[in-house]
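Reader: I am new to this structure. Please show me how to read its features one at a time.

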Amino acid sequence: MRCTIVPPHILERVAEADDPALRDIARRSLALSSGARAERHAYTVRPAEPNEDFVPNRTIADAGHKETLPGRTVRTEGGRETGDKVADQAYAWLGTTFDFYEAAYRRNSIDGAGMKLLSTVHYGKDYDNAFWNGHQMVYGDGDGTLFVEFTGALDVTGHELTHGVTQHTANLDYYGQAGALNESVSDVFGSLVKQWHKGQTADQADWLIGQGILAPGVHGEGLRSLKAPGTAYDDPKLGKDPQPGTMDKYVQTYRDNGGVHINSGIPNHAFYLVATSIGGHAWEKSGKIWYDTLTGGKLANKADFAAFAGATVATAARLYGDGADETKAVRSAWKKVGVKI
Amino acid sequence: MKVRVVRSGGFAGVERHGESDSDRDPVLAGLVGRVDLGALPPPGRIPDQYQYDIEIDGVGATVGETQLSGPLRELVHHVLGRPR
């Protein structure tokens, strides 16, 4: 069942209307309102009943190797398999990610109110990327030399969908340290979806992002490692994983929106340290600390690493007590990666 | 004219570099005159999209993937196809 009473629901309906002009205006308004922090926190989502079963509303579209969105709809919720393994995999992983957020955090979709999930597959030609454009997920098939289909890895879908969750909650600016936190949160929950799906504990997980999307012959285990940032790949064609795991190796750059995919290694590693210190299923206590910090409404959208670290300590103290082992684990992890609280 | 392009960002965060000189590259020579880096809006900050730093004879601009169209798009892909 879908939660209702989200004030922008009218806009959302118009955003899906047939009239393209109306639709564009509504979508722009929605994008603007999702960026307006004060307004966003005034939204009240009706609390879900304790046993309410959330049901995803998925749509998969095929871009036919063009770069036009969203493309032709090939499968909608409950629809039959298409026979295209890329489209069907995208549909399945969307469902798994939706179920993870429901099971772990009682979240009903990206916006917490049953938002429609739209993914476009077969985007572009030899396109080595996947992204979240503010409304939907988009996946390339890879060029076959460096990368294969980005729909293959569950954590890629978890990563992209979490960009949507972040947009609807803390809305971390996609630049500099706030941007690296935005990236890190997507990696953390991307990895947690995979761990949840496999039923793994923190010590059993591979803590890799993008395992399985590197083309055969490329030297690497994946694209990023939360366990050991900077070690995921080292390949003549791809280069070497540039991620630092500690503040003394922080990379100052204007490229990549201020190194958002590089410096995310630091908060990524902090999460790994918390999860392995607390032990057990990482989505339970460690993930809950990160999730509540992200969605609690107190985090500034320009938060730097220190502000985020302080907020995770406060969340842990609220959930488990100031002197609890869990809270100590969070303090110790940030100290180890060199972030002063 | 010397043209440099750096692609950064994307889900993978893997950088790509390319460079060419219009004096020795007739295709590029046909494109540079049709591109005005000064007329570009600031790049959008869209999670995991590519970011392109383009430099033509020392004058640079940063653009997002969605802003690449027409001759600028052709120029970027042409130069990135010529690794430095």
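Reader: How many residues of chain A are in contact with chain B?

Author: Two residues are in contact if their C-beta atoms, placed from the backbone, lie within 7 Å. Here 22 residues of chain A are in contact with 17 residues of chain B. This is a predicted model: local features need pLDDT of at least 70, side-chain atom pairs count only at pLDDT 80 or more, and totals for chains, interfaces and linings use all residues. Residues are numbered from 1 along each chain as its sequence is written, while chains are lettered from A and ligands numbered from 1 in the order in which they are written.

Reader: Which element of chain A gives the most to the side that touches chain B?

Author: Helices (H or I, at least four residues) and strands (E, at least two) are DSSP runs, numbered from the N terminus. With five residues, α7(A) gives the most to that side of chain A.

Reader: Which residues of helix α2 of chain B are buried?

Author: A residue is buried if 20 or more other C-beta atoms lie within 10 Å of its own, exposed if 12 or fewer, and partly exposed in between, with C-beta atoms placed from the backbone. In α2 (residues 70–80) of chain B they are Leu72(B), Leu75(B), Val76(B) and Val79(B).

Reader: Why do they line one face of the helix?

Author: An α-helix has 3.6 residues a turn, so residues three or four places apart point the same way. The buried residues of α2(B) fall within an arc of 95° seen down its axis, so they line one face; the arc is that of the directions from the helix axis to the C-beta atoms.

Reader: Is Asp57(B) buried or exposed?

Author: Asp57(B) is exposed, with 11 other C-beta atoms within 10 Å.
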